[in-house]
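Open the model in your viewer and keep the selection panel at hand. The stops below say what to select and what is there.

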Amino acid sequence: MDNIIKVEGLSKSYSKFGKKKALAVDNVSFEVDKGEVFGFLGPNGAGKTTTLLLMLGFLKPDTGTIKLFGKENDDMGIRAKIGYVPENPAFHKFLTGKELLNFHAELYGIKEQKEKIVSEMLKKIGLEEAKGKKVSTYSRGMLQRLSMGQALLNNPDLLFLDEPTLGLDPIGIVDIRNIILEMREQGKTIFLNSHQLSEVEKVCTRVVFMKQAKIIETYKTSELTESLEDLFIRIIGKEI
Ligand SMILES: Nc1ncnc2c1ncn2[C@@H]1O[C@H](COP(=O)(O)OP(=O)(O)OP(=O)(O)O)[C@@H](O)[C@H]1O
Ligand SMILES: [Mg+2]
């Protein structure tokens, strides 16, 4: 079974004051195979983050099923294999970057190799120099880098990224690209929400377009005959 993510008939609406609002995710189904870097694209408000939060189990669906590694997504055993970079990373601000990664390494149950793993991660995410500074003093991009480091500490087989390059400088963008490509080489699976289409083009094996809570198109990146930006404008711009 090469299927790492299997989502079927997923729907979710947010309610306000007990009243159901419009659907944020409407009968969405897709599968992601092992080794895929799966780009989830669409305009603001399309339902991308909601879909991701449903997969992670942070939100409960109205209908539908979500299987990760062939198991229900609330199975505790699969949590250890997953990494997640949220749309708006938030951390314990009183810790330094290094202390924060140490703390998360402990949460992951990393013991003997902790010092080495944390120190290598700080280098990998470009925070070696800032490792002793309090997280409260970190810039937007530094927080984004830290979030990536935290998500990678357990060497996950499945990584969920929600706008991982937001706020990053060009070097940071290339760093994230290289991390994704390295993971792809290793046969890991990545689910990527992003508006950075030039990056999506470079790293993704497949892309889907979501609009108004529905998946409307799927493409293999290798088969694209136009730039992803042109395709996005063509697909998202047209009426459904
Ligand atoms: N906590 C919430 N309460 C109520 N409505 C919400 C909530 N979060 C999202 N929504 C609504 O659900 C819809 C989908 O939002 P979502 O955040 O999933 O979009 P997105 O595709 O991730 O957008 P973006 O590209 O801006 O990140 C939007 O209409 C949004 O207003
Ligand atoms: Mg979002």
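How are helix 3 and helix 5 oriented to each other? Select helix 3 (residues 97–107) and helix 5 (residues 140–152): their axes are 9 Å apart, at an angle of about 25°. The two helices are therefore roughly parallel to each other. Angles under 35 degrees count as roughly parallel, over 145 as roughly antiparallel, 65 to 115 as roughly perpendicular and the rest as oblique. Axes are lines fitted to C-alpha atoms, for helices over the stretch in contact, and angles run from 0 to 180 degrees between N-to-C directions. Helices (H or I, at least four residues) and strands (E, at least two) are DSSP runs, numbered from the N terminus.

This is a predicted model, in which local features need pLDDT of at least 70, side-chain atom pairs count only at pLDDT 80 or more, and totals for chains, interfaces and linings use all residues. Residues are numbered from 1 along each chain as its sequence is written, while chains are lettered from A and ligands numbered from 1 in the order in which they are written.

Now show the side chains between these helices. Gly97, Leu100, Leu101 and His104 of helix 3 meet Leu146, Gly149 and Gln150 of helix 5; contact requires C-beta atoms, placed from the backbone, within 7 Å.

On the helix 3 side the contact includes Lys98, Asn102 and Ala105, and on the helix 4 side Ile117, Val118 and Met121 are among the residues involved.

Six strands form an open, mixed sheet in the order 6-7-8-3-9-10, where strands pair if DSSP finds at least two bridges between them. At its edges are strand 6 (82–85) and strand 10 (214–220), each pairing on one side only. From one strand to the next, the twist averages 15°.

Zoom in on strand 9 (residues 206–211), which pairs with strand 10 in the antiparallel sense over six bridges. Valine 208 is opposite threonine 218 in strand 10.

Helix 5 lies across strand 6 and strand 7, at about 170° to strand 6. Helix 1 (residues 48–56) lies across several strands, including strand 3 (37–41) and strand 8 (189–193), and runs at about 150° to strand 7 (158–162).

Finally, show the whole protein chain, with its eight helices and ten strands. Its C-alpha atoms fill a box of roughly 50 × 40 × 40 Å along the principal axes.

Terms used
Contact = placed C-beta atoms within 7 Å.
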